[in-house]
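I opened my notebook to record what I looked up in one structure. I wrote the entries in the order in which I checked things.

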Amino acid sequence: MSARILDGRAIARVVRAELKERAAERARALGHPAGLAIVHVGDHAASEVYRRRLAETAAAVGVGARVVSLPEDIKDAELRAALAALNADERIQGILMELPLPEHLSARAVAETLDAAKDVDGISLVSGGNLFLRLPTFVPSTCAAVLEILDRSKIALAGRRAVVVGASDVVGKPLALLLLSRDATVTICHRATRNLASWTRQAEVLVVAVGKAGLITGDMVRPGATVVDVGINVGADGQVVGDVEFDGVSAVAGAITPVPGGVGPLTNLMLLAQCVAGPRLLQDGDGAHLAD
Ligand code: NAD
C-alpha cells in the first residue's frame with residue numbers, strides 16, 4: 001500500500017486565497033487592515049527570517065504586520081507594559097509573542113498579560129482555559145494547521161482512535177483537546193510513555209510532535225492510518241525531516257503529511273486566519289453529536 005499524500009502546500013494555496021477575501025471583508029468592517037503585532041526580545045538570525053516571512057505573508061493576504069523589537073535586557077515589568085500597550089491599541093487585532101524568551105524573563109508574565117481577545121497563537125492563561133472549557137478562543141496556530149489539513153482532507157475524527165505523540169503546552173496538549181472536542185478517542189504519549197509502539201499501533205489518526213527524526217517507523221503504524229507529522233528536524237546535511245520515517249510509514253499508512261510540505265506551510269496562514277476571524281467557538285464533532 002502506498003499512502004495518499006496530504007499536500008500542505010496545495011491546501012495552503014486554497015486557504016491563502018480564502019483568507020485574502022476574509023481579510024478584505026474584515027478591513028472594510030474595521031476601517032483598516034486587521035493588525036498583527038509580532039513581538040520579539042533580542043536578535044537571533046533564525047527568528048529574523050521567520051519574522052520576515054510572516055510579515056511578507058501577512059502583507060500578501062491583507063493583514064498589517066507590525067514588528068515590535070524589544071531589547072535583550074528588558075525586564076518583566078517592561079515587557080508586560082509593552083504587551084499592555086498593544087492590548088489597548090485599536091489598530092492591533094492580534095499579538096504574537098515570539099517564544100522562547102531569554103532566561104531572565106517569565107513566560108508566565110506573558111501568558112498572564114496577553115489579552116485573550118488578541119492572543120492569536122493561543123498561549124495566554126485565559127486561552128488555555130477557554131480551550132479546556134470549549135469557550136470561544138484562539139488556539140495555537142500549529143494545532144489549527146493540523147486540524148485544517150485533516151478537515152480539508154475529509155479525515156473523519158468522531159469516534160476514531162487518535163494518538164498524539166508529544167505533550168507540550170504549545171502543540172501536543174492543545175491538539176489533544178482539539179481532537180477530543182471533535183469526539184475522537186484521544187491518547188497522549190510523551191517521553192515517559194512505555195512501549196510507544198503499542199499505543200501508536202492503535203491509532204486511526206496518529207499525530208507526532210516530538211522533534212526526533214525517525215521516531216516513528218512503519219512497524220509502529222496501523223495499516224491505513226492517517227499520519228500527521230508536525231516534527232521539524234534539521235539534519236547535519238541541512239536537510240529538514242519530520243519525526244516520521246517517511247518511506248517506511250508511507251508504505252503502511254493510508255494518508256500521510258510530508259516534511260517539508262505538510263503542516264509547516266499552513267502554520268503562519270492559520271495564525272493570520274485567526275487574527276482576521278477573532279476568537280471562535282470550537283467546531284463540534286464531525287459525526288453524530290454525542291450526548292454528554
Ligand atoms: P517540545 O520539546 O516542547 O515537546 C516535545 C514533546 O515530545 C514533549 O512532550 C516530550 O515529552 C515528548 N517526547 C520527547 N521524546 C519522546 C519520545 N522518545 N517518545 C515520545 N514522546 C517524546 O516540542 P514542541 O514545541 O511541542 O515541538 C515538537 C516538534 O514540532 C518539534 O520538532 C518542533 O520543531 C515542531 N514544531 C513544528 C511546527 C510547525 O509549524 N510544523 C510548529 C511548532 C513545533
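**Entry 1: the model**
I noted before anything else that this is a predicted model.

**Entry 2: the ligand**
I asked which residues come nearest to the ligand. Of the 21 residues around the ligand, I wrote down Ala167, Ser168, Arg191, Ile232 and Thr267 as the ones that come nearest. I then sorted the shell by class and found 11 nonpolar, 8 polar and 2 charged residues.

Next I looked up polar atoms. For Ala167, a backbone N or O atom lies 2.7 Å from an oxygen atom of the ligand. For Ser168, a polar atom of the side chain lies 2.5 Å from an oxygen atom of the ligand. For Val230, I found a polar backbone atom 3.5 Å from a nitrogen atom of the ligand.

**Entry 3: strand β8**
I moved on to strand β8, residues 226-229. Are its faces buried or exposed? Thr226 and Val228 are buried on one side, and Val227 and Asp229 are buried on the other, so I noted both faces as covered.

I then listed the pairings of β8. Strand β7 (residues 205-208) pairs with β8 in the parallel sense, over 4 bridges. Here Val208 has Asp229 of β8 as its bridge partner. Strand β11 (residues 255-256) also pairs with β8 in the parallel sense, over 2 bridges. Here Thr226 has Ala255 of β11 as its bridge partner.

**Entry 4: the sheet**
I wrote out the strand order as β1-β11-β8-β7-β5-β6, an open sheet of 6 strands with parallel pairing. Which strands stand at the edges? They are β1 (4-5) and β6 (185-189); each has a single partner strand, so one side of each has no neighbour in the sheet.

**Entry 5: helix α10**
I checked the length of helix α10, residues 264-277. Its 14 residues at 1.5 Å a residue should span 20 Å, and the C-alpha atoms at its ends are 21 Å apart, which agrees.

How many residues of α10 are buried? I found 11 of the 14, so the helix is largely enclosed by the rest of the structure. Among the buried ones I noted Leu266, Asn268, Met270, Gln274 and Val276. Thr267 is also buried in α10, and I had already listed Thr267 among the residues that come nearest to the ligand.

Methods. Residues are numbered from 1 along each chain as its sequence is written. This is a predicted model: local features need pLDDT of at least 70, side-chain atom pairs count only at pLDDT 80 or more; totals for chains, interfaces and linings use all residues. Side-chain values use heavy atoms; hydrogens and water are left out. A residue is near a molecule or strand if one of its heavy atoms lies within 4 Å of it. A polar contact is a pair of N or O atoms within 3.5 Å; within protein, one must be able to donate a hydrogen and the other to accept it, and residues adjacent in sequence count only if both atoms are side-chain atoms. Ala, Val, Leu, Ile, Met, Phe, Trp, Tyr, Cys and Pro count as nonpolar, Asp, Glu, Lys and Arg as charged, and the others, Gly among them, as polar. Buried means under 20% relative accessible area, exposed over 50%, partly exposed in between (1.4 Å probe, protein chains only). Two strands pair if DSSP finds at least two bridges between them. The expected span of a helix is 1.5 Å times one less than its number of residues.
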